[in-house]
Amino acid sequence: ASAYHFANALAILKACGEQEAAQEMFQEATALQWRGQRAITWHCLEQTPAVHIDGLEHRVFWDEPPELAKVLEENYEDVRTDLLEMQSSWGSQVPAYPNLVETSQGVWDMLQLYSSRRWNPDACDLMPRTTQLLQKYLPTADVPYIHYNTEEVVLFLLTPGSKVRLHNGGSNAPINLSLGLTGSTGAFLEVA
């Protein structure tokens, strides 16, 4: 089995609450050797992406935020204004990852402005200030392109009471920046 197969199996076990079985499989996967080297270089059960690049520094939070985090904070009102203006006509969203929402009443939708190194013109028309702000930064030339959302700009919509299962992305390359825009009182984000 490859890292991809182990990652998928672990995602299923974790989603089913089978922590003990997931821990056993994690131990099996990380013990595999290929030519005297660890074949799968995951460091913890909570971070088991299909593509794991060994040597990248993992931090739950960054003491000195990336420049883009500061840009988003400084332009919070513009991004929020875009969201509020487009909410009534927001018909371009699609379910984000339905298998990660814990309740049948929960909704986790997304609007992708940028993915696969391309700006989505229809979505960008709905968020003009945000698009203009972020187009200065993406695409970057110094980030290895691992998968479609190595670099991504996406708005997520969660309905009240929705709970998203603990999960990880397809690789450990992205740095996630989250900015609650509206209705996030009482919400929390757990980071491993």
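1. A quick word on terms: helices (H or I, at least four residues) and strands (E, at least two) are DSSP runs, numbered from the N terminus. This is a predicted model, in which local features need pLDDT of at least 70, side-chain atom pairs count only at pLDDT 80 or more, and totals for chains, interfaces and linings use all residues. Residues are numbered from 1 along each chain as its sequence is written, and side-chain values use heavy atoms, with hydrogens and water left out.

2. Just past α1, Gly-17 has a positive phi of about 80 degrees. Helix α1 itself runs over residues 3-15. Its 13 residues reach 18 Å from first C-alpha to last, close to the 18 Å expected at 1.5 Å a residue (that is, 1.5 Å times one less than the number of residues).

3. Which residues of α1 are buried? They are Phe-6, Ala-7, Leu-10 and Leu-13, where buried means under 20% relative accessible area, exposed over 50%, and partly exposed in between (1.4 Å probe, protein chains only). They sit on the same side of α1 because they cover an arc of only 130 degrees around the axis, taken from the directions from the helix axis to the C-beta atoms. The buried residues of α1 pack against α2 (19-31), with contact meaning heavy atoms within 4.5 Å.

4. Over in α2 you'll find Gln-27. Gln-27 counts as partly exposed because its relative accessibility is 43%. Gln-27 and Val-191 lie 164 residues apart in sequence and 21 Å apart in space, C-alpha to C-alpha.
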